[in-house]
Each structure stands twice: as C-alpha cells, then as structure tokens.
Amino acid sequence: GGGYEFDFSRLERWAAMCLSCGMTCFEMSHLFTQWGAGHPPKIMAEENGKEIKLFGWEDPAVGGRYTTFLEAYLPRLTEKLRELGIAGITRFHISDEPEPQHLLSYKQARESVAPYLKDFVIMDAISSLAVCREGEIDCPVCSNDHMEPFLEAGVTPLWSYYCTAQDYLVSNRFMAMPSARCRIYGAQVFKYGMEGILHWGYNFYNSQYSLKTLDPYRSTDADGAFPSGDSFLVYPGADGKPEESIRMMVLCHTMQDVRAMEQLADKKGREYVVDMLEEDLGEPITFKRYPKSDYWILQMRNRINRELDEVCFCLFVFLIHILSPEYNTQNDMAVGDICPPLPLNLFLRFISQPLQVGDESLILLNYTAKNHTARYYCSIILIISLSVCFMPSFPMYPTQLIVSPASSWRMPLSAW
C-alpha cells in the first residue's frame, strides 16, 4: 500500500451514527481541489508520532505522489464501505464547480481514479452542460441560475444547488432575502423533478479559504467574503449543540412543501399538482420567474393541505363502506352495521374529484345523521381522519411564513 496505513475508526463511527438517524445516502468529500481539479486537497498524516502535511495545493493532482497515495487509499476505502454495507449508497466527488476551461484537468483527475470507483456514482456541482457531458459526470448537480440548458437537454438524473454566486433572480437563503424567496424553491424542485439538492453551507465558521476561525454571532459573512448567512445555517450552541437559525427553519419548511407535493402527486398525479400550483399565475413557474409574495406561499400550502386532508378522508369513507356487513337498499341502518353503506354515485364522487371541505363532507354527515348510531360512528371516523392527517409524519405543518431579520449585508434592489 505504498507504505501507508489507514485508520477507519472514525468513518465507522460516522456511518453508524448516520444509519441510526435514518440516512440513506453517503458522500465522500472531493478527491481534488475546487475549480479544476488541479491539486490534491490538504491531507494530514501521522509519521513517527508527529502530525505532518502530506499533500496540498502545491502538489500536482495527477502523476505524482498523490496518485500513488490514491492507489493505496481508494481500494482500502471502498473495501471498508462494502464491509459497512453502504457501498451501494455512497457517491464520490472529483472536483467542485469545474468550468469549461478546467475540462482537461477534470477529465485527467477522473481517469486517474476511475479504475477504483467503477462501481460508484460520480456527482459534482457544475454550471456547464459541456463539462457535464464531456466530463462523464454520472449525476450532475446544476446551479439553479444555469438550469435551463440542462432541462432542455433532458439531463437525468439531475440535482440542483445554490450557494454564494446565486444572488440574482433565483432562490437562495441569504439573510438579506425575504423568506418567501427561499421557500419557493420547494415548488421549483418539485415541478422540475430534481432528484436531490446540494446545499452550502451548514456550519462553516471560517474566513474564505479557512485562513482564520470566526465567531458567527459577530461575523455572518465569512469576514466579508460571502453574503451574510451564506456559509452557515446553524450557530454554535452550548455543549456543542447547534442553534437553528430562521433560515434553517424556512429551509425545513421548503423541504416539507416538497414532501407534501410529492404525496399529493402520488394520489392525484404530478401534472395535477403542477397545474394547481400555476392555475392563477400569469406565467409558468421557472427557476428565475416565480410568485414572490408570502400570501401565495401560504395559500399554496393550505390548498395542498386541504387536498391531502380530503384524500385521507375519502380513504376512511371507503374503509367504512367495505366494512358494512349488509347493504340496505332503503339506506336505513341495519342491525350490526358499522355505518350505512354509501350510494355508489356518492362514493365515486368522493374518490374521483377534488373536493372542497363543506361540500360532500356535509352530504355524508347529513346522510348518516338520520340515525343516532350512524352519527356516533361518523364522528369517530372524522376524528380518526384528522388524527392521521395531522400526525407528525404527515407533512402538513408549515402554513406560516417566518420573516428574516435585516442583516449587515444588503442585496442590491436590482437583484430582487
């Protein structure tokens, strides 16, 4: 192994922790430097009891000592991933955000590790369709301000991301931006079928290039390098526990919006949900043109909640219908019946049409109200329906918008 020995105990601990928290996908950090894969990342090692720097930006990416190191490291790493049972759900990165001028160095870097990663997916953040195709990136992660060529070319699979540079027209979550501009990202991700999103950053408390450590309570902009709030979503709390930010909560609501849309699409179809999102708009939702009011966000989510509530209610109606032991053509309560069976035409209206609360729901209540026992069981059905629809795993909660405070970094008016 080139004289190298590797200790994977921290990887084992990390993988076990992630699996216990329900994680279903793992990523290995970039094997080469950002913007072109020209060098190895900084790598430290222990030699004769002392910590030394093995590689850094002063070393070439391909053909030198670092290539020898990777020839020893990658086979051991992939073997350990298989031993941990996560090889099939682990992805690798070559270099972050390569541009067309970096294509040659990117391809050389990828080819140097290809023999060891042939069974793994390669994914990288990019903005160029040419780099995506010629660089042989299995899973491109496109910036949301360069998404149009990728969508027009039908690239799949496709992820989306935003970070420091995405400050004009598109969604982001800088401190100076209104929360609605962050939360609309959910509708965009859903409409265009993004398989995932890459997010920067969670807890980067350094200056640019990590030249010094910062206090995020005092410096929110990486010492003037980035828009405020760009480099972290949580603050360091007591005992090492993270303290969430308003932006973190809004991003959570954004992802719950996606879950709710996907759940409604499972019931009524994706086209139905997209049409519902855009039915009152003057133009289709894109990554650069979209509703900008908090009212639209709240109205949209409440509409989805009502639709999901009605779907849940219809399922319970169906259950009660099939559990009825006897069909009485006079619609009277039979001895031993749980609830009088619904007429077929009413039942079909329940399961085939988007309903409004207070319409067929009232018809059902009036229908069953002719009998005291029926009223009793109908009340139970309603209680169970509401309980299921609003239990913690059901994505219905984010129906309020959190307003972001002003920050030391201001967006120019032209950007919004």
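**Ground rules**

I noted that this is a predicted model, where local features need pLDDT of at least 70, side-chain atom pairs count only at pLDDT 80 or more, and totals for chains, interfaces and linings use all residues. Residues are numbered from 1 along each chain as its sequence is written, and side-chain values use heavy atoms, with hydrogens and water left out.

**Overview**

I found 13 helices and 10 strands in the protein. My labels are DSSP runs numbered from the N terminus: helices are H or I with at least four residues, strands are E with at least two. Buried residues make up 45% of the 416 residues. For me, buried means under 20% relative accessible area, exposed means over 50%, and partly exposed is in between (1.4 Å probe, protein chains only). I also looked at contacts between residues at least 6 apart in sequence, and 62% of them join residues at least 24 apart. A contact here means heavy atoms within 4.5 Å.

**Helix H2**

I went back to helix H2, residues 65-83. H2 has 19 residues and reaches 28 Å from its first C-alpha to its last, close to the 27 Å expected at 1.5 Å a residue. The expected span is 1.5 Å times one less than the number of residues. Among the buried residues of H2 I listed Tyr66, Phe69, Leu70, Leu74 and Lys80. What do the buried residues of H2 pack against? I got helix H1 (9-20), strand S1 (26-28), strand S2 (43-47), strand S3 (50-55), strand S4 (90-92) and helix H3 (103-113).

**Aromatic pairs**

Rings of Phe, Tyr and Trp (its six-membered ring) pair if their centres lie within 6.5 Å; planes under 30 degrees apart are stacked, over 60 edge-to-face, and the rest tilted. By this rule I have 19 aromatic pairs. Phenylalanine 6 and phenylalanine 69 make an edge-to-face pair, 6.0 Å centre to centre with 65° between the planes. Phenylalanine 6 lies in the segment before H1 and phenylalanine 69 in helix H2, so this pair ties together parts that are 63 residues apart in sequence. Both phenylalanine 6 and phenylalanine 69 are buried.

Tyrosine 66 and phenylalanine 69 form a stacked pair, 6.0 Å centre to centre with 15° between the planes. These two both lie in helix H2, 3 residues apart, about one turn of the helix.

Two strands pair if DSSP finds at least two bridges between them. Strand S5 (residues 121-126) pairs with S6 over 4 bridges in the parallel sense, and isoleucine 126 has cysteine 142 in S6 as its bridge partner. Strand S6 (residues 139-143) and S7 pair over 3 bridges, also parallel, and valine 141 stands opposite tryptophan 159 in S7. S7 and strand S8 (residues 197-199) pair in the parallel sense over 3 bridges, with tyrosine 162 opposite histidine 199 in S8.

Are the faces of strand S7 (residues 159-162) covered or open? Both are covered: Trp159 and Tyr161 on one side, and Ser160 and Tyr162 on the other, are all buried.

**Two loop residues**

I picked threonine 33, in the loop between S1 and S2. Threonine 33 is buried, because its relative accessible area is 5%. Leaving out residues up to four places away in sequence, threonine 33 touches, among others, Gly38, Trp57 and Asp96.

My other pick was proline 291, in the loop between helix H9 (270-278) and helix H10 (294-323). Proline 291 counts as buried at 11% relative accessibility. Not counting residues up to four places away in sequence, proline 291 touches Ile184, Leu281, Ile285 and Trp296.
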